[in-house]
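Here are my notes on this one, as numbered points. Have the coordinates open while you read.

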2 protein chains.
Amino acid sequence: MTQPNTRKDSIDKSEQIFQGAIGEFLEKGYAGTSMDKVAAAAGVSKATVYSYFQDKEGLFKALVARMARERFYLVFGTESLQGEPEVVLRRLATKLLDRIARDREYLAFMRLVVGESGRFPDLAQELIRNIVHPGIKELSGYFASHPELKIADSEAVARIVIGGLVYFVLTQEVLQGKEIMPMERDRLIDSLVALLIG
Amino acid sequence: MTQPNTRKDSIDKSEQIFQGAIGEFLEKGYAGTSMDKVAAAAGVSKATVYSYFQDKEGLFKALVARMARERFYLVFGTESLQGEPEVVLRRLATKLLDRIARDREYLAFMRLVVGESGRFPDLAQELIRNIVHPGIKELSGYFASHPELKIADSEAVARIVIGGLVYFVLTQEVLQGKEIMPMERDRLIDSLVALLIG
DNA sequence: GTCTATAGTCGGATAGAC
DNA sequence: GTCTATCCGACTATAGAC
């Protein structure tokens with residue numbers, strides 16, 4: 001009986017710890033999270049946590065790297081950018097604004113990575129390398145393949161477009177400004193389209 | 001001799017504590033900062049800190065509110081937006097990109113406020129109310145007073161422009177992506193100008 | 001009004017039983 | 001391989017001396 005014997009055991013234990021740790025780190029941040037709470041949330045003892053991960057920092061780094069890869073990839077990558085510019089732009093913007101803005105875990109992940117980026121520069125750069133840069137490159141490539149848009153510097157414009165969308169999520173949702181300075185999602189999208197096409 | 005008697009005492013003690021606390025909170029975050037270190041950095045005892053501020057949370061909130069008002073106001077407010085659109089835009093963009101990108105304290109402040117925005121929503125909203133919203137309104141008003149720019153929704157476009165600039169600082173400096181995905185500041189500015197004017 | 005000293009709690013990490 | 005029990009340092013906050 002050294003092999004898995006119940007449904008719960010059949011999930012890898014490190015996965016179980018991982019699942020428990022996500023909620024704690026996302027809610028409390030790195031320094032605010034205790035290994036006691038992580039162990040309790042994962043349903044294992046603290047010693048078990050330390051048998052799978054070297055220390056708190058190791059757990060945190062492994063966790064964020066994995067979240068970045070598996071959970072928070074989604075905006076690009078689920079579909080490729082193809083078709084009419086206006087359609088592609090509206091679909092991209094709508095997806096980014098809607099999906100992220102309503103995903104509390106994604107918002108908490110943004111807070112966590114930005115907040116810890118000074119103390120964990122490796123993690124921030126991993127995010128740049130695996131999510132931000134590929135996203136910019138994909139949109140930039142799309143712009144470059146559509147000369148009718150008359151965009152001189154496609155990468156710079158891609159950064160502006162994504163920046164406009166991310167800043168909207170940042171101010172409205174992350175910093176919770178939507179009641180103080182409300183704006184309809186569609187006004188932003190219409191203006192983005194007008195700047196690029198109209 | 002109940003009045004100030006040395007140069008050091010002539011500075012208000014709460015100001016002294018404030019100055020010591022800034023560095024600690026900016027570097028370590030809220031949970032990572034200890035009141036022992038704050039007291040040491042301020043050059044007073046811990047009991048003195050607690051006589052001026054109710055507790056750690058009270059000190060933190062007072063501190064961030066004050067930093068937002070006094071230190072990190074600068075981008076707008078130092079000059080009003082007047083003159084030719086291209087000149088105004090380039091000056092605004094250059095100032096925001098140069099000044100903030102090189103100001104390590106400002107970058108740390110951005111990390112802190114974003115990172116704690118989930119646990120301290122009041123502070124995040126104070127920042128929205130006192131810095132973000134006024135900035136957007138000012139640029140929006142400028143656009144509205146220049147119909148030759150043919151901007152249908154001046155506030156939405158203001159958000160896109162500022163978003164493009166803030167996102168640049170966020171990716172290059174805050175998340176430290178400038179070596180991974182470098183881009184000249186002027187390429188972004190030229191493309192912004194081209195989108196709005198060219 | 002400001003200090004030193006300390007109470008009381010909780011943190012990360014580990015030893016040893018099973 | 002996982003648990004319980006524990007070490008010990010650091011934390012927030014305060015009491016009491018001066």
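1. Let's start at the interface: two salt bridges turn up between chain B and chain A, where a salt bridge is a side-chain nitrogen of Lys or Arg within 4 Å of a carboxyl oxygen of Asp or Glu. In one salt bridge, the side chain of A:R187 meets that of B:D153, at 2.7 Å from N to O. Polar contacts between chain B and chain A come to 18 residue pairs, both residues at pLDDT 80 or more. (A polar contact is a pair of N or O atoms within 3.5 Å; within protein, one must be able to donate a hydrogen and the other to accept it, and residues adjacent in sequence count only if both atoms are side-chain atoms.)

2. A word on conventions. This is a predicted model, with local features needing pLDDT of at least 70 and side-chain atom pairs counted only at pLDDT 80 or more, while totals for chains, interfaces and linings use all residues. Residues are numbered from 1 along each chain as its sequence is written, chains are lettered from A and ligands numbered from 1 in the order in which they are written, and side-chain values use heavy atoms, leaving out hydrogens and water.

3. How much area do chain B and chain A bury between them? About 4500 Å², 70% of it on carbon and sulfur atoms; buried area here is the accessible area (1.4 Å probe) that two parts lose on being put together, summed over both. On the chain B side, B:R159, B:I160 and B:Y167 lose the most area to chain A, together 16% of what that side buries. In residue terms, 49 of chain B are in contact with 49 of chain A, contact meaning heavy atoms within 4.5 Å.

4. Now the fold of chain A: 10 helices and zero strands, both being DSSP runs numbered from the N terminus (helices H or I, at least four residues; strands E, at least two). The C-alpha atoms of chain A fill a box of roughly 65 × 40 × 30 Å along the principal axes.

5. Have a look at helix 6 (residues 85-102) and helix 10 (residues 185-196) of chain A, whose axes come within 10 Å and cross at roughly 150°. Axes are lines fitted to C-alpha atoms, for helices over the stretch in contact, and angles run from 0 to 180 degrees between N-to-C directions. Among the residues that meet are A:L89, A:A93 and A:L97 from helix 6 and A:L188, A:I189 and A:V193 from helix 10.

6. Over all chains, the salt bridges number 26. One to check is A:E15 with A:R66, the closest N and O atoms being 2.2 Å apart.
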